[in-house]
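Visitor: I have a new structure open and would like a walk through it. Where do we start?
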Amino acid sequence: MSSNGDPGDAEPDEGGSSGGHVGPIVFSDPDARRRLEQSGEVVTFRTSQRTTGETWWRKSRTGEKMGDCRVELIGPVDSSDRSAIRDYHRDAGFRSAREWEEAIEEFHGELPEGYLYRVTSDEIWAECESCHTYSPEVATVGRGPNVTNLCPDCRRLPGGSQSGEGGDHAE
Ligand SMILES: [Zn+2]
């Protein structure tokens, strides 16, 4: 079961106020990260209002940059009106609104008021079929029935379907 209750609350985002600067957004929840990486879009619940616009994301408040993204406010969620939870549960990666509410409750001990944000990225991550790392650099190579998804390192290795790239690689 997903734990994507509210990754932002344990790891508060920077730039909660003030104009101009858009603080990076933190995704400490692996399910939310995977959704953003693989589909380029995820809806996330945050208990406090934050800045919106072009920014970047990371795994923790002190973590390194993982990728560029855009943050857009969908709207508030309050105890009397949970329609936003119903409308967006699929975009958050949950099969039902109830499942999402339970994940948030599990995280906070209650269903607090907050805001929904849509986070989108142009970088789609995929798994390298050779070394199994996830990266936005993984690309499809080969043709016909022999297509494979490979990261840049594996594309340079012999047997990595593509050659002639001046094979100077580590290991
Ligand atoms: Zn690889």
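Guide: Just after helix 3, glycine 93 takes a positive phi of about 95°. Helices (H or I, at least four residues) and strands (E, at least two) are DSSP runs, numbered from the N terminus.

Visitor: What kind of model is this?
Guide: This is a predicted model, in which local features need pLDDT of at least 70 and side-chain atom pairs count only at pLDDT 80 or more, while totals for chains, interfaces and linings use all residues. Residues are numbered from 1 along each chain as its sequence is written.

Visitor: Back to helix 3, then. Which residues in it are buried?
Guide: Ile85, Tyr88 and Ala92 are buried in helix 3, which spans residues 83–92. A residue is buried if 20 or more other C-beta atoms lie within 10 Å of its own, exposed if 12 or fewer, and partly exposed in between, with C-beta atoms placed from the backbone.

Visitor: Why do they line one face of the helix?
Guide: Seen down the axis of helix 3, the buried residues fall within an arc of 100°, so they line one face. The arc is that of the directions from the helix axis to the C-beta atoms.

Visitor: And what is on the other side of helix 3?
Guide: Ser83, Arg86 and Arg90 are exposed there.

Visitor: What covers the buried residues of helix 3?
Guide: The cover includes strand 2 (41–46), strand 4 (65–77), helix 4 (97–108) and strand 5 (114–120). Contact here is between two residues whose C-beta atoms, placed from the backbone, lie within 7 Å.

Visitor: New topic. How many residues has the largest nonpolar core?
Guide: The largest nonpolar core has 23 residues, and Ala92 and Trp100 are among those with the most contacts inside it. Such a core is a set of buried Ala, Val, Leu, Ile, Met, Phe, Trp, Tyr and Cys residues joined through C-beta atoms within 7 Å.

Visitor: Which helix gives the most to it?
Guide: Helix 4 does, with 4 residues. A second, separate core of 5 residues includes Cys128, Leu150, Cys151 and Cys154.

Visitor: What about the sheet, what is its strand order?
Guide: The open sheet of 5 strands has the order 1-3-4-5-2, with mixed pairing. Two strands pair if DSSP finds at least two bridges between them. Strand 1 and strand 2 stand at the edges with a single partner strand each, so one side of each has no neighbour in the sheet.

Visitor: How does strand 1 join strand 3?
Guide: The two run parallel, joined by 2 bridges. Isoleucine 25 has tryptophan 57 in strand 3 as its bridge partner.
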